[in-house]
Amino acid sequence: MKEFLIKFQRYPLTWIVLVACLIALTISALSPYFLTVNNFTNLMKQVSIVAILAAGQSIVIISGGIDLSVGSVLALTAVTIGWLVQNGVSPEIATACGVAVGTFAGFINGIVIAKGKIPPFIATLGMLGIARGVALVITGGVSYQVLTPLFLFIGNGKLLGFPIPIYFVIVAYAATHFMLSRSRFGRHVYAIGGDEHVSRLEGINVDGRKIAIYALSGFFSAVAAVVMVGRLASTPPNVAFGIELQAIAAVIIGGISFAGGRGIVLTSFVGALIMAMITNGLNILGVSSFWQQVLIGIVIIAAVWVDNIKSARRR
Amino acid sequence: MENPTPSVRLRGVGKSFGGVSVLRSVDLDIMPGEIHGLVGENGAGKSTLGKIIGGYYSISDGTLEAFGRPADPWTPKDALDKGIAIMHQELQLVPELTVAENVFLGIEDQKLGVLSGTEKDRLTPIVEATGFEVDPSAKIVDLSIADRQKIEVMRALARNARVIVMDEPTSSLSADETQRLHETMKKLRASGGTVVYVSHFLDNILEVCDAVTILRDGDLVRTAPCAGENKDSLVSAMLGGGRSKIAFPDKSRLKERQSALEVRSLSSTNGTREASFHVNRGEIVGLIGLVGGGRTEILRAVIGADKSTGGEVLVQGKPYGDRSIAESNRRGIVMVPEDRRKQGLIMTLAVRSNMTLPHLSSFATPFGRILAATEKSRSREAIEHFQVKPPDVDGDILNYSGGNQQKVLLAKWLMRDPEIVFLDEPSRGVDVGARQRIHEAIAELAGRGTAVLLVSSELEEVLGLSHRAYLVANGKVFDELVPEGKTEGEVLRALFQLQQRFPEASAH
């Protein structure tokens, strides 16, 4: 029993979930509307896109890297889908093509980082510009309407009473969690993030793994794009501008070490949820959105500070 | 005549790392204006002692005084403030800055944060005092190592250092450069400076030192004037007589001579020069040499961690070209590296994950799903076999002692009986109990037919474990010897002779 308690206490999810509950209780004490089914369904819809991006970002950050291009890759995927649908391609095929394009953009990130030995920050900063630029070039800056049944269903449909985007989130996190905790690939992600040099000495194909990691992040951006197209029923090329910082913030608030090698993906979902709750809660309470930014900024710094204190004690 | 106050005085100084004692009750006086040599076998504690004087290591026991005052607290900064500087084996200069900028780095003349640009003028008196001729506006990257050492010395002088500790300063110098460094030391002495000279090159010590201190296994043997010493007297003191013997496991008998690994005049980019040797199945072969003699480099060239430029490697009689670590692992050739923290273990992973990392494919389905139960049970077996403490498969490797980390490292590479194993310092920084277990494991491994190539700075260990051994110096493999019946003294003398025959130590 005592052992179980220690394990429970050490489990990375424990504390962050407690923090999330605390925030939820605080806000609901101030506003009875916050903890209603309606508001929570709404909240989940709002959080879904950042949450999906944060899943991909978690893999990248655990491997010791960073992906700044997720927002732009999302936009590129969205306009690819919009443009194809506009030109009479079936929505299913358009979606498949869009996802392929997003994954390919991530793959290019991986190639540049692994083979070109370019730091991830710079490589993905470049892709942030490239993908957004290409999205604007394809569309000439115009937004396409995508009013097909498939996307209307993704955006507005429900299954067992829950909105469809929630299922995307669940599948994304379940798959990522399984991959990171139970697969060879996942173990290598942790190893590379923990010590890339040693990983090479162990005979791990570090370059190949990195390419796969960034391609995967591109894939998650593309999946988020599909949800985004459903919710907007259109594909504005400036969609999701700056969302990469929210995704990174979600990962950091959740408690994954920015230095790499440590953490579990499920905390990133909680991190995304905390940010969404703060925004949503303060909206309900009528606090200006300017103050919301200040608060989220403080939360990010506080989260890492607390983490430092915890890990300093562990040594 | 009244005795002057020693520059540095140690009384009963002891030092231990994670429970392993590396220095014990050292009493030492370093007098002003002398060049004081520190000698001893690898691991005798001479570098540790140098670092204690320079403030890099804190002492575990005893007292340290600098210029007659207690040195407490004693950090590198405190030492420098009091006038004691340390010159590391790897020089710590900023390569893209100029000579003058490096010398005054951190103590620049400035007004409100704006540099006054007086570095060159301030350099002049130091240049005059030392007689070093260097261009103050040359960048460090463009200088030879010997010149860089001069800059390091000037940097110490710019901070008014009266004592400079030099830790193996000649290990990457040519004979000519060594001579010039010795001139530097003499000039320092002439201007009233003190030098602590840590080296395993006995000739160098005998050439310039006024006094020499000999260490053995963390104990101070004696401090004596250099004039009364010679190479033989130093070597015998370094080895000592009645050292408590560690019992080594019995060497397994070799039945048939079946070649596992043959290396023919292998040269590499890392300084291996036409190395030739062979290891048979079930045989433990030692590579004996001094630190920096190219032993690790030979292993790295064979396994494919560094690029070869010539020669060939045969595994079980078949040529193995185009080597890489991944391919070597696939063929069952593995290397247990010397630095467990930087090369061997991933400190963020659990014990189990560390152990199985290189063999994960044998614990996973073709689709890459890890078979957790198999992985756990195999890890548990390995942990029990090596007596890792605590025996927790999911333990946090960061919290394990050095000896137990080392067992995990060995368990990792040995859990799937490899064909050929390279062991680089397998018992470094490990207590006696763990060492015993590690030795047994190595002997058992060879008994099961694995070919073992052993590098260790502890002669006793190599001689005690190996069936055969080769002498290595300067990236080359020299004479073969049979350890049976050889004393450490004989082997050490042979090594020092090699060093003398090839004085251009590692000046590639």
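Which residue in S22(B) is the bridge partner of B:Ala469? The bridge partner of B:Ala469 in S22(B) is B:Leu481, and the points below set this pair in its surroundings.

1. The model is predicted, so that local features need pLDDT of at least 70 and side-chain atom pairs count only at pLDDT 80 or more, whereas totals for chains, interfaces and linings use all residues. Residues are numbered from 1 along each chain as its sequence is written, chains are lettered from A and ligands numbered from 1 in the order in which they are written, and side-chain values use heavy atoms, with hydrogens and water left out.

2. With strand S22 of chain B, residues 476-481, S21(B) runs antiparallel, joined by four bridges; in their hairpin, which has two residues between the strands, B:Asn474 takes a positive phi near 60°.

3. Strand S13 of chain B, residues 259-268, is joined by five bridges to the antiparallel strand S14, residues 275-280, with B:Glu262 opposite B:His278. Their hairpin has six residues between the strands, and B:Gly271 in the turn has a positive phi of about 100°. S13(B) also pairs in the antiparallel sense with strand S16 of chain B, residues 308-315, over six bridges, where B:Ser268 has B:Ser308 as its bridge partner.

4. A nonpolar surface patch of about 640 Å² includes A:Leu30, A:Leu285 and A:Trp291 (patch residues have over 30% relative accessible area and no salt bridge, with nonpolar side chains joined within 5 Å and like charges within 9 Å; a salt bridge is a side-chain nitrogen of Lys or Arg within 4 Å of a carboxyl oxygen of Asp or Glu). Its largest share, four residues, comes from helix H14 of chain A, residues 289-314 (helices being DSSP runs of H or I with at least four residues). A:Trp291 lies in this helix and is exposed, with a relative accessible area of 58%.

Definitions and conventions. Two strands pair if DSSP finds at least two bridges between them. Accessible areas come from the Shrake-Rupley method with a 1.4 Å probe; for residues, only the protein chains shown count as cover. Buried means under 20% relative accessible area, exposed over 50%, partly exposed in between (1.4 Å probe, protein chains only).
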